[in-house]
Amino acid sequence: MDDRLIWKALQFAAEAHRHQHRKGADRSPYINHCIEVAHRIRIEGGTDDPEILAAALLHDVVEDTPVTLEEVGALFGLRVQGLVDEMSDDMNLSSAERKQLQENHAPGLSPDARLLKLADKIANLEALATVPPIHWSAERQQAYLDWACRVASRVPDTGTALEQSFEEIRQKAQDAIDRRKN
Ligand code: ZN
């Protein structure tokens, strides 16, 4: 495997997200999330495809930073661009519309994007279980978990360990939210 594209993507994503942090109380650097998604795809998704792993590192740069899809394509190629496109919500839409579209689009994701979508949801539920966004009530956490499960359930089976991982972390997040409700 030629891993140069992966290192280039890691460098680029770290720079693009440099001022951002996660919503949890630990305010961890945003890039940690991107690394977790790529790591899960490598280990649990079982792929060492450099373009998929690069896309994992880049999956939030268009949605959350000024970087454009065209820039991603010019630097990383059309396949990576296409995968990042499949992972990017249209930020001109409302949060409710974006959430509904993720549900609608999940069944039509390409096989490679299914890995990204599932790993992203696992990473977000892991954060919800361990360091939930500050100021989110238990009810809001529950609504997010329910939505993430609806999206994941509509992603066609990847045939990898990601499905098992999702189920374990879904349960972990549910247990954590149940404790917070009391
Ligand atoms: Zn993400």
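**Entry 1: Arg79**

I began with Arg79, which counts as partly exposed at 33% relative accessibility. The scale I used calls a residue buried under 20% relative accessible area, exposed over 50% and partly exposed in between, with a 1.4 Å probe and protein chains only.

The model is predicted, and local features need pLDDT of at least 70, side-chain atom pairs count only at pLDDT 80 or more, and totals for chains, interfaces and linings use all residues. Residues are numbered from 1 along each chain as its sequence is written, and side-chain values use heavy atoms, with hydrogens and water left out.

**Entry 2: salt bridges**

I took a salt bridge to be a side-chain nitrogen of Lys or Arg within 4 Å of a carboxyl oxygen of Asp or Glu. Side chains of opposite charge can pair when their charged atoms come close. The count for the structure is 12 salt bridges.

Which residue does Arg79 bridge to, with the closest N and O atoms 2.8 Å apart? The partner is Asp49. This pair links distant parts of the chain, since Arg79 is in helix H6 (residues 78-87) and Asp49 is in the loop between helix H2 (30-43) and helix H3 (50-58), 30 residues apart. Helices here are DSSP runs (H or I, at least four residues), numbered from the N terminus.

Asp2 and Arg4 meet through their side chains at 2.7 Å, N to O. Asp2 is partly exposed at 41% relative accessibility, and Arg4 is exposed at 63%. Arg18 and Glu15 form a salt bridge at 3.6 Å, N to O. Glu15 has a relative accessible area of 42% and is partly exposed.

**Entry 3: Leu116**

I looked up Leu116 next and found its place in helix H8 (residues 111-130). Is Leu116 buried or exposed? With a relative accessibility of 0%, Leu116 counts as buried. Leaving out residues up to four places away in sequence, Leu116 touches Val37, Ile41, Ile52, Ala55, Ala56, Leu83 and Met87, where contact means heavy atoms within 4.5 Å. For Met87, I also noted the C-alpha separation from Leu116, which is 7.6 Å across 29 residues of chain.

**Entry 4: the zinc ion**

Which residues give the protein donors of the zinc ion? They are His33 (NE2), His59 (NE2), Asp60 (OD) and Asp120 (OD), at 2.1 to 2.4 Å from the ion. Donors are N, O and S atoms within 2.8 Å of the metal (3.2 Å for Na, K and Ca), and water is not among the atoms, so sites may look incomplete.

I checked the geometry and found that the 4 donor atoms subtend angles of 82 to 174°, which makes the arrangement irregular. Four donors are tetrahedral if all angles lie between 85 and 135 degrees; four are square planar and six octahedral if opposite donors are over 155 degrees apart and all others between 65 and 115; anything else is irregular.

The spacing of the donor residues in sequence is H-x25-H-D-x59-D. His33 lies in helix H2 and Asp120 in helix H8, so this pair ties together parts 87 residues apart in sequence. Both His33 and Asp120 are buried.

**Entry 5: aromatic rings**

My search of the whole structure returned 3 aromatic pairs. The rings of Phe12 and Phe76 are edge-to-face, because their centres are 5.6 Å apart and their planes stand at 75°. Phe12 is in helix H1 (residues 4-16) and Phe76 in helix H5 (residues 69-76), so the pair links distant parts of the chain, 64 residues apart. Phe12 and Phe76 are both buried.

Trp136 and Tyr144 form a tilted pair, with 5.6 Å centre to centre and 55° between the planes. The cut-offs pair rings of Phe, Tyr and Trp (its six-membered ring) with centres within 6.5 Å, and planes under 30 degrees apart count as stacked, over 60 as edge-to-face and the rest as tilted.

The charged end of Lys8 sits over the ring of Phe76, 5.2 Å from its centre. The charged end of Arg22 is over the ring of Tyr30, at 5.3 Å from the centre.

**Entry 6: positive phi**

I noted Arg27, a residue other than glycine with a positive phi near 45°, in the loop between H1 and H2. His135 also went down, with a positive phi near 75°. His135 lies in the loop between H8 and helix H9 (138-154) and is exposed, with a relative accessible area of 79%.

How values were computed
Helix = DSSP H or I, 4+ residues; strand = E, 2+ residues; numbered from the N terminus. Lys NZ or Arg CZ within 6 Å of the ring centre and 35° of its normal.
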